[in-house]
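Here is a short briefing on side-chain contacts and surface features. Look through the sequence and the model, then read the points below.

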Amino acid sequence: QVMMGQGITPAAHHPVTRQMDNRDLSEFLGEIRKDAARTFIKLPKHHDFIAQFCDSKMLAAAAALRSLGA
């Protein structure tokens with residue numbers, strides 16, 4: 001999906017999909033969805049991430065340095 005968002009369209013499906021019947025492929029993709037969901041649950045909320053990694057004091061200091069040409 002990232003590639004499609006960048007305008008790159010795949011020419012074909014991954015060859016492994018031809019080795020699976022519809023039931024096996026559905027189960028395989030379902031497991032990927034479950035793994036992604038478990039990962040997403042563990043991620044911080046957006047505002048928590050910003051608060052932790054984009055502290056306003058740090059941003060102000062960086063802006064001050066930029067204004068000095070540093």
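A search of the whole structure finds 1 aromatic pair (rings of Phe, Tyr and Trp, the last by its six-membered ring, with centres within 6.5 Å; planes under 30 degrees apart are stacked, over 60 edge-to-face and the rest tilted). The ring centres of Phe-49 and Phe-53 lie 4.8 Å apart with planes at 40°, so the pair is tilted. The model is predicted: local features need pLDDT of at least 70 and side-chain atom pairs 80 or more, while totals for chains, interfaces and linings use all residues. Residues are numbered from 1 along each chain as its sequence is written, and side-chain values use heavy atoms, leaving out hydrogens and water.

**The aromatic pair in its helix**
- Phe-49 and Phe-53 are 4 residues apart in helix α3 (residues 46-53), about one helical turn (helices are DSSP runs of H or I, at least four residues, and strands are runs of E, at least two, numbered from the N terminus).
- An α-helix has 3.6 residues a turn, so residues three or four places apart point the same way.
- Phe-49 is partly exposed at 38% relative accessible area, and Phe-53 is partly exposed at 46% (buried is under 20%, exposed over 50%, partly exposed in between, with a 1.4 Å probe and protein chains only).

**Salt bridges**
- The structure holds 4 salt bridges (a side-chain nitrogen of Lys or Arg within 4 Å of a carboxyl oxygen of Asp or Glu).
- Glu-27 and Arg-23 form one of them, with their closest N and O atoms 3.4 Å apart; Glu-27 is partly exposed at 44%, and Arg-23 is exposed at 56%.
- A network of salt bridges links Arg-23, Asp-24 and Glu-27.
- Lys-34 meets Glu-31 in a salt bridge at 3.4 Å, N to O, and the two are 3 residues apart in helix α2.
- Asp-35 bridges to Arg-38, with the closest N and O atoms 2.4 Å apart; both lie in helix α2, 3 residues apart.

**Nonpolar surface**
- Phe-28, Leu-29 and Ile-32 make a nonpolar surface patch of about 250 Å² (residues with over 30% relative accessible area and no salt bridge; like charges are joined within 9 Å, nonpolar side chains, namely Val, Leu, Ile, Met, Phe, Trp and Tyr, within 5 Å; areas are from the Shrake-Rupley method with a 1.4 Å probe, and for residues only the protein chains shown count as cover).
- Leu-29 is in helix α2 (residues 22-42) and is partly exposed at 35%.
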